[in-house]
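Please look over this structure before reading on. The report below works through its fold, its core and a few individual residues.

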Amino acid sequence: MSEKELTDLIERIKERRLKLEMSYQDLSNATGISKSTLQRYETGYIKKVPINQIEILAKALHTTPSYLMGWDNTVTESPSVTLTPPTKKVPKDLKKILEDEEVTLNGRMMSAEDKEKMMRIIEAAFYEAKEMNKRK
């Protein structure tokens, strides 16, 4: 990315965000890009914005990637575009699930005793696998 493209990108992201009356948090919610990363894009602290991020930003800012890059001077607004942030996979603690939630196995509810037994079996298998991997 050339210095001019970076400058255009910075200016146009900020211009579109402000025109749409979006805060960093609003843009973060629409794109799934963290608020701090968006701020670093706009200040030029991050010098290399990934292409996929430019595409995501363009959609959220109701314009095109070529406009944001300064290759096109036409905004081509598309306010009907609504983005949902990418789904981030959050690790879940299996022990907590077994303790806190109702769980079924083959369509049958598991009792507290069943869950405890299941947890012991899973823990034993997990630690056995870790030991086997250490030996490799």
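## A loop residue with positive phi

His62 sits in the loop between H4 and H5. The model is predicted. In it, His62 takes a positive phi of about 55° although it is not a glycine. Most residues other than glycine have a negative phi. His62 is also buried, because its relative accessible area of 15% falls under the 20% cut-off.

Glu21 lies in the loop between H1 and H2. Is Glu21 buried or exposed? Glu21 is exposed, with a relative accessible area of 70%.

## Confidence

Average pLDDT for the protein chain is 82. A score of at least 70 is reached by 88% of the residues.

One stretch calls for care. Over residues 80-84, pLDDT stays under 50. The model has seven contacts for this stretch beyond four places in sequence. Where pLDDT is low, the predicted coordinates should not be read in detail.

## Overall fold

The protein chain holds seven helices and two strands. Along the sequence, the pattern reads α-α-α-α-α-α-β-β-α.

The chain has 136 residues, and 26% of them count as buried. Take the contacts with a separation of 6 or more: residues 24 or more positions apart account for 50% of them.

## The largest nonpolar core

The largest nonpolar core has 17 residues. Which of them touch the most other members? They are Leu9, Leu27, Leu57 and Leu68. Five helices each supply at least two residues of this core: H1 (3-19), H2, H3 (35-43), H4 (51-60) and H5 (65-69). The largest share comes from H4, with four residues.

Residues up to four places away in sequence are not counted here. Leu68 touches Asp8, Leu9, Arg12, Ile13 and Arg16, among others. Its contacts also include Ile54, Leu57, Ala58, Leu61 and Thr63.

## Helix H2 and what follows

Helix H2 covers residues 24-31, and Thr31 is in it. Thr31 is buried, at 2% relative accessibility. The Thr31 side chain reaches the backbone nitrogen of Ile33 at 3.1 Å.

## Links across the sequence

Glu5 is in helix H1. Glu5 and Gly70 are 65 residues apart in sequence, yet their C-alpha atoms are 6.3 Å apart in space. Leaving aside neighbours within four places in sequence, Glu5 is in contact with Met69 and Trp71.

Ser2 lies in the segment before H1. At 35% relative accessibility, Ser2 counts as partly exposed. Ser2 and Lys47 are 45 residues apart along the chain, and 9.7 Å separates their C-alpha atoms.

## Rings and charges

Two arginines sit over tyrosine faces. Arg12 lies over the face of Tyr67, at 4.3 Å from the ring centre. Arg12 is also one of the residues that Leu68 touches. Arg17 lies over the face of Tyr24, at 4.1 Å from the ring centre.

How many aromatic pairs does the structure hold? It holds one. Phe126 and Tyr127 form this pair, with 5.1 Å centre to centre and 80° between the planes. The geometry counts as edge-to-face because the planes are over 60 degrees apart. Phe126 is partly exposed, with a relative accessible area of 45%.

How values were computed: Residues numbered from 1 in each chain as written. Heavy atoms only, no water. pLDDT = per-residue confidence, 0-100. Contact = heavy atoms within 4.5 Å. Buried < 20%, exposed > 50% of the residue type's maximum accessible area, 1.4 Å probe, protein only. Polar contact = N/O pair within 3.5 Å; in protein donor to acceptor, adjacent residues only side chain to side chain. Core = buried A, V, L, I, M, F, W, Y, C linked by side-chain atoms within 4.5 Å. Phe/Tyr/Trp six-rings, centres within 6.5 Å; stacked < 30°, edge-to-face > 60°. Lys NZ or Arg CZ within 6 Å of the ring centre and 35° of its normal.
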